[in-house]
Amino acid sequence: AQLRFCYGAVQYDVALPQSDEASVGALVQQQENVAIMAFRYHLAALNLDAWEYQSPNETDDACVRSIWRLACETYLPKSQQNCQVGASTP
């Protein structure tokens, strides 16, 4: 599965919600969409326009980059080392 919005912020194997119905790609997209929503909400709280930060990895604003990284790392968390398929992670 290919990251788009979170590409660059997430450089590790991610832990995804377990689903018997959705593919890995669909789960990644679902989690990335939630990260995008969180990013936009955080910018709105700071009275910033999300349309001005469509590529947050390229902005000079350190605060916006931190919000982007935080949103992506929150909804696409790093998986535990040696995690087994279907196993829960703390």
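**Glutamine 31 and what surrounds it**

Tutor: Apart from its neighbours within four places in sequence, glutamine 31 is in contact (heavy atoms within 4.5 Å) with Leu16, Pro17, Tyr75 and Leu76. This is a predicted model, in which local features need pLDDT of at least 70 and side-chain atom pairs count only at pLDDT 80 or more, while totals for chains, interfaces and linings use all residues. Residues are numbered from 1 along each chain as its sequence is written, and side-chain values use heavy atoms, with hydrogens and water left out.

Glutamine 31 belongs to helix 1; a helix here is a DSSP run of H or I of at least four residues, numbered from the N terminus. Its relative accessibility is 12%, so glutamine 31 counts as buried. The cut-offs are under 20% relative accessible area for buried, over 50% for exposed, and in between for partly exposed (1.4 Å probe, protein chains only). The side chain of glutamine 31 also reaches the backbone oxygen of tyrosine 75 at 2.9 Å, a polar contact being a pair of N or O atoms within 3.5 Å; within protein, one must be able to donate a hydrogen and the other to accept it, and residues adjacent in sequence count only if both atoms are side-chain atoms.

Consider next the helix that holds this residue. Helix 1 comprises 22 residues and extends 32 Å from its first C-alpha to its last, close to the 32 Å expected at 1.5 Å a residue; that expected span is 1.5 Å times one less than the number of residues. Besides Gln31, the buried residues of helix 1 include Leu27, Val28, Glu32, Ile36, Phe39 and Leu43. Helix 2 is part of what covers them.

Just after helix 1, asparagine 47 takes a positive phi of about 60°. Most residues other than glycine have a negative phi. Asparagine 47 sits in the loop between helix 1 and helix 2, and its relative accessibility of 71% is why it counts as exposed.

At its start, a side-chain oxygen of aspartate 61 comes to within 2.9 Å of the backbone nitrogen of cysteine 63. Val64, Ile67, Trp68, Ala71 and Cys72 are its buried residues. Viewed down the axis of helix 2, these fall within an arc of 125°, so they line one face of the helix; the arc is that of the directions from the helix axis to the C-beta atoms. These buried residues pack against helix 1 (24–45). Helix 2 also carries serine 66, which is partly exposed because its relative accessible area is 35%, and arginine 69, partly exposed with a relative accessible area of 35%.

The structure holds one disulfide, defined as a pair of cysteine sulfur atoms within 2.5 Å: cysteine 6 and cysteine 72 form it, with their sulfur atoms 2.1 Å apart. The torsion about this S-S bond is about -85°, so the disulfide is left-handed. Cysteine 6 lies in the segment before helix 1 and cysteine 72 in helix 2, so the pair ties together parts that are 66 residues apart in sequence. Both cysteine 6 and cysteine 72 are buried. Cysteine 63, by contrast, is in no disulfide, and the nearest cysteine sulfur, that of cysteine 72, is 15 Å away. A relative accessibility of 41% is why cysteine 63 counts as partly exposed.

Setting aside neighbours within four places in sequence, phenylalanine 5 is in contact with Glu32, Ile36, Phe39, Pro56, Trp68 and Cys72. In soluble globular proteins, nonpolar side chains tend to be buried together.

Conventions: Helix = DSSP H or I, 4+ residues; strand = E, 2+ residues; numbered from the N terminus.
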